[in-house]
Amino acid sequence: IPFFIQDGGSTMRASRLTFLGTGSSAGTPVLRCLLQKDLNCKSCEEAARDPTSVAARGPPCFLIEKDEGTVLIDCGQGFKSAAARFFPRLGITKIDSVILTHDHLDALIGLDHLREIQVVSCPPGTWKITKKLPIYSTRRTLDTCERIYPYLFQGNFETLTGKLESREITPDVPFIPEGVDLKITPFEVLHGSDYISLGFAFGTTDYCVYISDVSKIPDKIIEQLRQQSISLLVLDAIAHQSRPSHFSVTQAEDIARILRPKKTYLVGMSCSIDHHETNEYLQTLDIPIELAYDGLSVERFL
């Protein structure tokens with residue numbers, strides 16, 4: 001990981017950002033496509049044939065690494081398999097904080113697996129997690145988590161379960177997640193006609209914006225983001241055709257042109273998006289934009 005020389009001669013190490021999941025809520029391959037051979041889905045066939053290919057995608061999941069700690073954004077059903085696949089390569093042994101975009105299951109149903117990477121004390125014949133892991137989100141999302149997994153938030157430290165702690169955040173109010181010196185500003189976007197999801201902006205030297213589940217970005221947020229010099233934009237793009245609760249590739253292109261980031265990566269792709277063909281198309285555009293893939297890591301100075 002490279003270093004950046006700051007004014008005055010001090011050094012700053014780049015942070016690593018890893019796309020643990022870049023697919024839709026169903027991921028790829030989709031069972032329907034595998035079982036109904038007449039659908040001829042190239043993405044699903046490639047993902048089933050080679051689970052390590054760029055066509056194999058889990059639901060959106062994103063990891064921010066700094067020297068002092070790590071932050072996970074979303075923890076859906078693909079988290080455990082992604083962690084098993086990528087954490088050993090990345091050298092990740094723990095997560096310091098988790099941030100959730102919204103309360104759909106593809107963003108939170110993997111919370112139970114977090115116990116497998118929580119710090120534990122294990123005298124012979126015992127199991128004890130020594131510290132609760134903070135989960136940051138809106139009150140609505142935290143209420144959903146506590147309703148689905150009451151034992152994770154209310155259980156005692158002696159039981160064989162994870163230990164999580166709710167931390168409520170407010171849109172447009174910056175916060176610093178535990179374990180990482182990084183100011184993150186959450187903001188609201190529409191994820192369907194009447195449902196709110198969160199996007200996040202973070203970084204000072206390199207300003208990054210992450211919006212994984214979105215059908216419309218409010219004009220106020222667009223204007224605020226346009227005032228920033230965005231180094232990295234991560235944006236939802238579920239299909240080539242528009243969908244009620246997600247951006248299409250064309251809609252994502254339009255936002256990238258408005259916000260003018262140095263680089264845009266698309267996530268949330270359904271199996272209808274062929275990775276190779278779509279990236280070939282994106283390379284013909286007048287903006288720096290491409291599809292992300294599971295396991296892709298990039299460096300930014302945060």
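Guide: Strand S12 (residues 196-202) runs antiparallel to S13, joined by three bridges. Pairing needs at least two bridges found by DSSP, and strands are DSSP runs (E, at least two residues; helices are H or I, at least four), numbered from the N terminus. This is a predicted model, where local features need pLDDT of at least 70, side-chain atom pairs count only at pLDDT 80 or more, and totals for chains, interfaces and linings use all residues. Residues are numbered from 1 along each chain as its sequence is written, and side-chain values use heavy atoms, with hydrogens and water left out.

Visitor: Which residue stands opposite Tyr210 in S13?
Guide: That's Phe200. S12 and S13 form a hairpin with four residues between them, and Gly203 in the turn has a positive phi of about 105 degrees.

Visitor: How does the chain get from S13 to S14?
Guide: Through helix H7 (residues 219-226), in a right-handed β-α-β crossover. Right-handed means that, with the strands pointing away from the viewer, the path from the first strand over the helix to the second runs clockwise.

Visitor: How do S13 and S14 pair, parallel or antiparallel?
Guide: Parallel, over five bridges. Cys208 has Leu232 as its bridge partner in S14, and Val209 has Leu233.

Visitor: New topic: is S13 mostly covered or exposed?
Guide: Mostly covered, with five of its five residues buried, meaning under 20% relative accessible area (1.4 Å probe, protein chains only). Tyr207, Val209 and Ile211 point one way, Cys208 and Tyr210 the other.

How values were computed
Buried means under 20% relative accessible area, exposed over 50%, partly exposed in between (1.4 Å probe, protein chains only).
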